[in-house]
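Thanks for coming, everyone. I have one structure to walk through today. Please have a look at it on the screen.

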Amino acid sequence: MTDLIPESLFIAIDHVGIAVPDLDDAIAFYESNYGMTVLHSETNEEQGVREAMIGYPANAGAAVVQLLAPLNEESTIAKFIGRNGPGLQQLALRVTDVEAAMAHLTDRGLRLLYDAPRRGTSDSRINFVHPKDAGGVLLELVEPHQNAAH
């Protein structure tokens, strides 16, 4: 590729998403075994999940673990668990401008799951790179909301 990646577009690993059948059990596991705490939790009806961002409060701004539990059997996470069992579901990259990141990636021939950004955790704006174009990994693009705790 001759075109350069804009220097301030992709800025950090934001989180790793893990599909779990029961959010409360998963939170208890990470708290008791790794000393992590819930930094944020919410129900995202549009995405069909109940989720929690967990990590270490002393490391504000660092990458965290996102636990994702399905709200119903039709949710993407329920289908993922049905096919693969619980486990690593996605890697998320923090971006400064999700539309610019989408344009950059589609210009390079990568497919995205959505034509326009959708609402993610804490009112972030998100999209996903198709796993077939990202080495078999579901890669999420996350533009955090300006007032997000994480």
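This is a predicted model: local features need pLDDT of at least 70, side-chain atom pairs count only at pLDDT 80 or more; totals for chains, interfaces and linings use all residues.

Let's begin with helix α2, residues 76-84. Which of its residues are buried? They are Ile77, Ala78, Phe80 and Ile81. Look down the helix axis, and these buried residues fall within an arc of 160 degrees, so they line one face of α2. What do they pack against? Four strands: β1 (10-19), β3 (49-55), β4 (64-70) and β5 (87-95). Now go to the other side of α2. Thr76, Gly82 and Arg83 are exposed there. Just past the end of the helix comes Gly85, with a positive phi of about 80 degrees.

In soluble globular proteins, nonpolar side chains tend to be buried together. The largest nonpolar core here has 12 residues, including Ile18, Val20, Leu23, Met36, Ala52 and Val65. Where do they come from? α1 gives the most, four residues. Pick out Tyr30, one of the core residues. Which residues does Tyr30 touch, beyond its neighbours within four places in sequence? Ile18, Gly35, Met36, Ile54 and Leu67.

Last topic, charges. Side chains of opposite charge can pair when their charged atoms come close. Counting nitrogen–oxygen pairs within 4 Å, the model has seven salt bridges.

First up, Asp14 and Arg94, at 2.7 Å from N to O. Asp14 sits in strand β1 and Arg94 in strand β5, 80 residues apart. Are these two buried or exposed? Asp14 is buried, at 3% relative accessible area. Arg94 is buried too, at 13%.

Then Asp24 and Arg50, with their closest N and O atoms 2.8 Å apart. Asp24 is in helix α1 and Arg50 is in strand β3, so this pair ties together parts 26 residues apart in sequence. Asp24 is partly exposed, at 45%. Arg50 is also partly exposed, at 33%.

Finally, Asp123 and Arg119, where the closest N and O atoms are 3.4 Å apart. Asp123 counts as partly exposed, at 44% relative accessibility. So does Arg119, at 32%. Which residues make up the network around them? Salt bridges link Glu42, Arg119 and Asp123.

That's my tour. Over to you.

Key
Residues are numbered from 1 along each chain as its sequence is written. Side-chain values use heavy atoms; hydrogens and water are left out. Buried means under 20% relative accessible area, exposed over 50%, partly exposed in between (1.4 Å probe, protein chains only). Helices (H or I, at least four residues) and strands (E, at least two) are DSSP runs, numbered from the N terminus. The arc is that of the directions from the helix axis to the C-beta atoms. Contact means heavy atoms within 4.5 Å. A nonpolar core is a set of buried Ala, Val, Leu, Ile, Met, Phe, Trp, Tyr and Cys residues joined through side-chain atoms within 4.5 Å. A salt bridge is a side-chain nitrogen of Lys or Arg within 4 Å of a carboxyl oxygen of Asp or Glu.
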